[in-house]
Amino acid sequence: MLLATQADTEGWFGKLKNAHELTRRAIDSAQHNDAKETAATYQAAAALREVESGNRELARVEANVALKLALNRDVRAMAAPGPGPAGDTAGAEKLAAELDKRFPLDTLIQQYWLPTIRAAVALERKDPNRAVELLKVASTIELSGPTNLAIFLCPAYMRGEAYLMLHDGNRAAAEFQKFIDHRGLVANFPWGALSRLGLARAYALQGDTAKSQGSVSGFPHPLERRRSRHPHSHPGQGGVRQAAMTHQNLSVT
């Protein structure tokens, strides 16, 4: 677990190569101790980390490997959002259907993971209004812990992304602000770092350049790559701070 935790910390600071290696070591250690489900959980968490950092193909591979290692509830739920934003919407929908059928009375599945998975698919299809509608059911429990790992506020993150697509800076900022207000829940999961970029983009949509720049200042080692769902952004320009400040008005991101 310490290796997997350190992997997330490396991911938070943009050291994705280190994060990948530490995850591999964590998985090897778990498998050596005959803990396949634990290994699969680490692999699925890595898929979530990679897909939002811009590594679409690697995210899809890691999600598939996780599913081959174990098909328990948490692994299926965590692996499904990875294939969705990685372009495999059919695979994500299939996993969602399996979860729905297998766990019809599971609150976390029905009110947390299924809305998150389906919203990820909607965003990949450029349908933010559908994503917002799907995520309404998650609002009452989105501060809960859906796994035994520090993976929190997934619905809020997807909702923030949806509002960015809709060019609604005020609502987007409110969603990404949750990652700052609830830092104790977020811990070191890299989506917390990426939420700073989301917050910068939200402030930019509001026309507040100072807040936009301030929301990503002080990140000494920001995430190096970030695939954006927004058609005019430039994810390959080198980090949270650089991507957020490429244009003074930031409207393009």
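This is a predicted model: local features need pLDDT of at least 70, side-chain atom pairs count only at pLDDT 80 or more; totals for chains, interfaces and linings use all residues.

Q: Is Thr-116 buried or exposed?

A: Buried means under 20% relative accessible area, exposed over 50%, and partly exposed in between (1.4 Å probe, protein chains only). Thr-116 has a relative accessible area of 1%, so it is buried. Across the protein chain, 56% of the 253 residues count as buried.

Q: How many helices and strands does the protein chain have?

A: Helices (H or I, at least four residues) and strands (E, at least two) are DSSP runs, numbered from the N terminus. The protein chain has 14 helices and 0 strands. As for contacts between residues at least 6 apart in sequence, 62% join residues at least 24 apart.

Q: Which residues have the most contacts inside the largest nonpolar core?

A: A nonpolar core is a set of buried Ala, Val, Leu, Ile, Met, Phe, Trp, Tyr and Cys residues joined through side-chain atoms within 4.5 Å. The largest one here has 67 residues, and Met-78, Trp-113, Ile-151 and Trp-191 have the most contacts inside it. Helix H7 (residues 107–124) gives the most to this core, with 11 residues.

Q: What does Trp-113 touch, not counting residues up to four places away in sequence?

A: Its partners are Ala-77, Met-78, Pro-81, Leu-108, Pro-146, Thr-147, Ile-151 and Cys-154.

Q: At what angle do H6 and H7 pack?

A: Start with the axes. They are lines fitted to C-alpha atoms, for helices over the stretch in contact, and angles run from 0 to 180 degrees between N-to-C directions. Helix H6 (residues 89–102) packs on H7 at about 165°, with the axes 10 Å apart. That makes H6 roughly antiparallel to H7. The angle classes are these: under 35 degrees is roughly parallel, over 145 roughly antiparallel, 65 to 115 roughly perpendicular, and the rest oblique.

Q: Which residues of H6 and H7 meet?

A: H6 brings Thr-89, Ala-92, Glu-93, Ala-96, Leu-99 and Asp-100. H7 brings Ile-109, Gln-110, Leu-114, Ile-117, Arg-118, Val-121 and Glu-124. By class, this contact has 7 nonpolar, 2 polar and 4 charged residues. Here Ala, Val, Leu, Ile, Met, Phe, Trp, Tyr, Cys and Pro count as nonpolar, Asp, Glu, Lys and Arg as charged, and the others, Gly among them, as polar.

Q: How do the axes of H7 and H9 cross?

A: They come within 9 Å and cross at roughly 25°. H7 and H9 are therefore roughly parallel to each other. From H7, the contact uses Tyr-112, Trp-113, Thr-116, Ala-119, Ala-120 and Leu-123. From H9, it uses Cys-154, Pro-155, Met-158, Glu-161, Ala-162 and Met-165. By class, the contact has 10 nonpolar, 1 polar and 1 charged residues.

Q: What is phi of Asp-34, and where does the residue sit?

A: Phi of Asp-34 is near 60°, a positive value in a residue other than glycine. Asp-34 lies in the loop between H2 and H3. It is exposed, with a relative accessible area of 66%.

Q: Is Leu-153 buried or exposed?

A: Leu-153 is buried, at a relative accessible area of 0%. Its phi is near 60°, again positive in a residue other than glycine. Leu-153 is in the loop between helix H8 (128–135) and helix H9 (154–165).

Q: Where does Glu-52 lie?

A: Glu-52 lies in helix H3. Its relative accessibility is 0%, so Glu-52 counts as buried. Glu-52 and Leu-194 are 142 residues apart in sequence, yet 8.0 Å apart in space, C-alpha to C-alpha.

Q: Which residues of helix H1 are buried?

A: In H1 (residues 2–12) they are Ala-4, Ala-7, Asp-8, Glu-10, Gly-11 and Trp-12. These pack against helix H2 (16–32), helix H3 (36–53), helix H11 (183–186) and helix H12 (191–205). Just after H1, Gly-14 takes a positive phi of about 85°.

Key
Residues are numbered from 1 along each chain as its sequence is written. Side-chain values use heavy atoms; hydrogens and water are left out. Contact means heavy atoms within 4.5 Å.
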